[in-house]
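Reader: I've just opened this one and I'd like to learn how to read it. Could you walk me through it?

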Amino acid sequence: MKNSLERAKEEENLRRDEEGQLNWASNGINLFNKVLRVDNSDMKTLAGEIIKNLTLYLDSQMGAFYIVPPDRKGAELVAHIGFSKEKASVNGFVEPGKGLIGRAYLEKETIFISDITPDIDQIGSGLGRALPKSALIVPLLYNKDLVGIIEIYSFKVLQPYQISFVEKLSEN
């Protein structure tokens with residue numbers, strides 16, 4: 001009887017967690033639907049709003065939005081938050097296969113890393129610099145064509161439901 005009650009309590013906690021995650025994702029989709037409706041005439045402004053809101057919603061510290069120009073192979077940085085000036089100038093245009101962005105460009109698949117090595121970009125603030133706990137790179141596909149890439153770094157390890165949310169968001 002005791003084991004049955006404990007199992008029922010665990011199942012109730014799991015259901016509550018899943019419901020909370022679904023509500024979080026639903027609220028996020030609503031937020032980004034509003035962002036996409038507000039001003040989508042200027043790509044740089046829209047990309048800036050998306051990456052700003054996405055890093056805030058994920059409680060992340062650094063993010064970037066790249067577009068893939070139709071006339072050139074590679075990805076162009078159009079908006080970022082939390083990047084140092086050096087990183088922003090170095091990553092202005094990423095060639096196919098170079099770094100995580102270049103890898104995502106070629107593979108057209110989500111890249112998630114939670115085992116961060118020192119060669120990954122550090123997150124900087126007025127208090128110093130530190131390695132992130134996780135990196136998420138999500139390609140933006142339209143009819144199977146790569147049109148952009150989202151890059152997110154966080155001091156927390158992003159959870160599967162958060163990764164799934166960004167992937168779902170990338171469809172829009």
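Reader: How many bridges join S7 to S8, and do they run parallel or antiparallel?

Author: Nine bridges join S7 to S8, and the two strands run antiparallel. Some ground rules before we go on. This is a predicted model, where local features need pLDDT of at least 70, side-chain atom pairs count only at pLDDT 80 or more, and totals for chains, interfaces and linings use all residues. Residues are numbered from 1 along each chain as its sequence is written, and side-chain values use heavy atoms, with hydrogens and water left out.

Reader: What counts as a strand, a helix or a pair here?

Author: Helices (H or I, at least four residues) and strands (E, at least two) are DSSP runs, numbered from the N terminus. Two strands pair if DSSP finds at least two bridges between them. In this case, Ile137 stands opposite Glu151 in S8. The hairpin of S7 and S8 has two residues between the strands, and Asn143 there takes a positive phi near 55°. S8 also pairs with S1, in the antiparallel sense over six bridges; Ile67 has Gly148 in S8 as its bridge partner.

Reader: Which pattern does the protein follow along the sequence?

Author: The pattern reads α-α-β-β-α-β-α-β-β-β-β-β-α, with five helices and eight strands.

Reader: How many of the residues of S8 are buried?

Author: Buried means under 20% relative accessible area, exposed over 50%, and partly exposed in between (1.4 Å probe, protein chains only). In a regular strand the side chains alternate between the two faces of the sheet. As for S8, eight of its ten residues are buried. Across the protein, buried residues make up 38% of the 172 residues.

Reader: What covers the buried residues of H4?

Author: Start with who they are: Leu100, Ile101, Gly102, Ala104 and Tyr105, in the helix spanning residues 99–107. Their cover includes strands S1 (62–67), S2 (75–81), S3 (93–94), S4 (111–113), S7 (134–142) and S8 (145–154). Just after H4, Lys108 takes a positive phi of about 55°.

Reader: Which residues touch the most other members of the largest nonpolar core?

Author: A nonpolar core is a set of buried Ala, Val, Leu, Ile, Met, Phe, Trp, Tyr and Cys residues joined through side-chain atoms within 4.5 Å. The largest one here has 23 residues, and Leu54, Leu58, Phe65, Ile152 and Phe165 touch the most other members. H2 gives the largest share of this core, five residues. A second, separate core of 20 residues includes Met62, Ala75, Val94 and Leu146.

Reader: Where does Ser134 sit, and what does its side chain reach?

Author: Ser134 is found in strand S7 and is buried, with a relative accessible area of 0%. For its links, a polar contact is a pair of N or O atoms within 3.5 Å; within protein, one must be able to donate a hydrogen and the other to accept it, and residues adjacent in sequence count only if both atoms are side-chain atoms. The side chain of Ser134 reaches the backbone nitrogen of Leu158 at 3.3 Å, and one of its polar atoms lies 2.8 Å from the backbone oxygen of Lys156.

Conventions
Contact = heavy atoms within 4.5 Å.
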